[in-house]
Amino acid sequence: MLNLEYMGVINMTPNSFSDGNRFNSYQSFLQKFKFLSQEISCIDIGAESSAPFNSAIDFNEELKRYEEIFFPLLAELDDPEITLSLDTYKIDIFCEVGRKILKAWPKTKLVFNDISGKIDNDLVSFFKSAPFDFSYIFSHNLAPTRADTVRHMETVFEGSHEEFLQHLVEYFNLGLKKLFSLKENIWIDPCFGFSKTRSQNHFLLKNFSSFLSQVESQVPVVYGVSKKSFLRFPAGKIRDERSHIELEQMHSILLFELFQQQQNKNIIVRGHDPLVLKSAKNIAQIFDLL
């Protein structure tokens with residue numbers, strides 16, 4: 001049976017596609033974090049935007065955002081005992097922030113949401129010497145190096161839609177084979193929007209069931225579609241509050257489609273509003289899918 005859990009997203013950035021500049025102060029971040037931690041058991045936070053129209057920031061700038069916006073929260077709140085995912089491609093950021101979190105909140109579980117997609121020597125070394133336990137998300141990103149992560153739209157897969165889907169399956173099956181020789185607790189994320197054209201994203205949405213059936217059945221899969229640019233019709237639709245509402249309505253419909261799949265899979269729905277998943281579940285119950 002398909003099992004869907006929700007991963008709520010908060011970006012402490014001035015320039016993220018979906019919520020840039022909304023939670024880049026301590027008080028706004030604190031309010032959103034409190035709300036999500038009462039509603040769901042998994043939260044994903046990030047301090048650097050991976051949107052292709054933004055430039056990369058260095059370690060010091062990314063850490064500064066954690067220091068100013070997130071670290072004060074560690075002292076103010078009791079351990080929420082949730083799963084906390086750190087969205088970054090910098091191994092040293094994950095290590096530094098992870099240490100701080102576990103020192104203050106020892107019962108919280110950590111996830112390294114590594115958006116680079118790179119199983120490189122630095123990652124292998126970190127796996128062997130990591131100072132704490134964590135789950136790892138292996139993402140689809142064709143950027144040539146970890147440092148080039150945010151330039152992912154310069155490395156879009158070229159080929160037919162069918163070849164693209166086969167590439168995606170082979171990418172994860174090969175990557176998982178390498179990763180399982182190094183570590184347990186691996187998740188995968190096909191990363192809608194990363195190294196993909198608009199039409200490839202749409203094709204993956206329509207054929208997501210086929211993708212799921214061809215990758216390792218026991219591995220949790222992250223499904224992040226909420227507020228993505230490729231859902232906008234037409235493509236250049238103005239980014240206003242009404243269009244965001246429309247996108248979240250589309251998100252609920254897409255999640256309802258997931259409920260209709262007869263597969264034993266653990267899906268982590270990554271989005272900005274847990275009510276979207278609740279709406280999809282309510283519809284699924286009406287159709288006797290739950």
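Trp187 sits in strand β6, which covers residues 186-189. Helices here are DSSP runs of H or I with at least four residues, strands are runs of E with at least two, and both are numbered from the N terminus. The model is predicted: local features need pLDDT of at least 70, side-chain atom pairs count only at pLDDT 80 or more, and totals for chains, interfaces and linings use all residues. Residues are numbered from 1 along each chain as its sequence is written, and side-chain values use heavy atoms, with hydrogens and water left out.

Stay with Trp187 for a moment. Its relative accessible area is 13%, so Trp187 is buried. Buried means under 20% relative accessible area, exposed means over 50%, and partly exposed lies in between, with a 1.4 Å probe and protein chains only. What does Trp187 touch, beyond residues up to four places away in sequence? The list is Met7, Val111, Ser135, Tyr136, Ile137, Phe138, Val219, Pro220, Val222 and Ile268. Contact means heavy atoms within 4.5 Å. Ile119 lies 68 residues from Trp187 along the chain, and their C-alpha atoms are separated by 14 Å.

Now take the whole chain. The secondary structure comes to 9 helices and 8 strands. The radius of gyration is 18 Å, close to the 19 Å that the globule rule gives for 290 residues, so the chain is as compact as a globular protein of that length. That radius is taken over C-alpha atoms, and the globule rule is 2.2 Å times the number of residues to the power 0.38. Along its principal axes the C-alpha trace spans about 45 × 40 × 35 Å. Of the 290 residues, 56% count as buried. Among contacts with a separation of 6 or more, 75% join residues 24 or more positions apart. The accessible surface is about 13300 Å², and 49% of it belongs to carbon and sulfur atoms. Accessible areas come from the Shrake-Rupley method with a 1.4 Å probe; for residues, only the protein chains shown count as cover.

The largest nonpolar core has 79 residues, and Phe33, Phe70 and Phe211 have the most contacts inside it. A nonpolar core is a set of buried Ala, Val, Leu, Ile, Met, Phe, Trp, Tyr and Cys residues joined through side-chain atoms within 4.5 Å. Helix α5 gives this core its largest share, 8 residues. Leaving aside neighbours within four places in sequence, Phe211 is in contact with Leu165, Leu168, Val169, Phe172, Ile188, Pro190, Leu204 and Val221. A second, separate core has 7 residues, including Met7, Ile137, Val222 and Ile268. Those four residues are also among the contacts of Trp187.

In α4 (residues 121-129), Leu123, Val124, Phe126 and Phe127 are buried. Seen down the axis of α4, the buried residues fall within an arc of 160°, so they line one face of the helix. The arc is that of the directions from the helix axis to the C-beta atoms. On the face turned away from the buried side, α4 carries the exposed residues Asn121, Asp122, Lys128 and Ser129. Cover for the buried residues of α4 includes α3 (91-104), β4 (109-114), β5 (135-139) and α5 (161-180).

Helix α3 comes next. Its 14 residues should span 20 Å at 1.5 Å a residue, and its end C-alpha atoms are 20 Å apart, which agrees. The expected span is 1.5 Å times one less than the number of residues. Ile91, Ile93, Phe94, Cys95, Val97, Gly98 and Ile101 of α3 are buried. Their cover includes α2, β3, β4 and α4.

Helix α8 (residues 241-259) has 19 residues, which should span 27 Å at 1.5 Å a residue; its end C-alpha atoms are 28 Å apart, which agrees. Its buried residues include Leu247, Leu254, Leu255, Phe256, Leu258 and Phe259, along with His244, Glu248 and His251. Among the elements covering them are β1 (3-11), α6 (198-206), α7 (208-214) and α9 (275-286).

Finally, the loops. Most residues other than glycine have a negative phi. Glu81, not a glycine, has a positive phi of about 55°. Glu81 is in the loop between α2 (59-76) and β3 (83-88). Cys191 also has a positive phi of about 55° without being a glycine. Cys191 is in the loop between β6 and α6, and at 6% relative accessibility Cys191 counts as buried. Thr145 lies in the loop between β5 and α5. At 35% relative accessibility, Thr145 counts as partly exposed.
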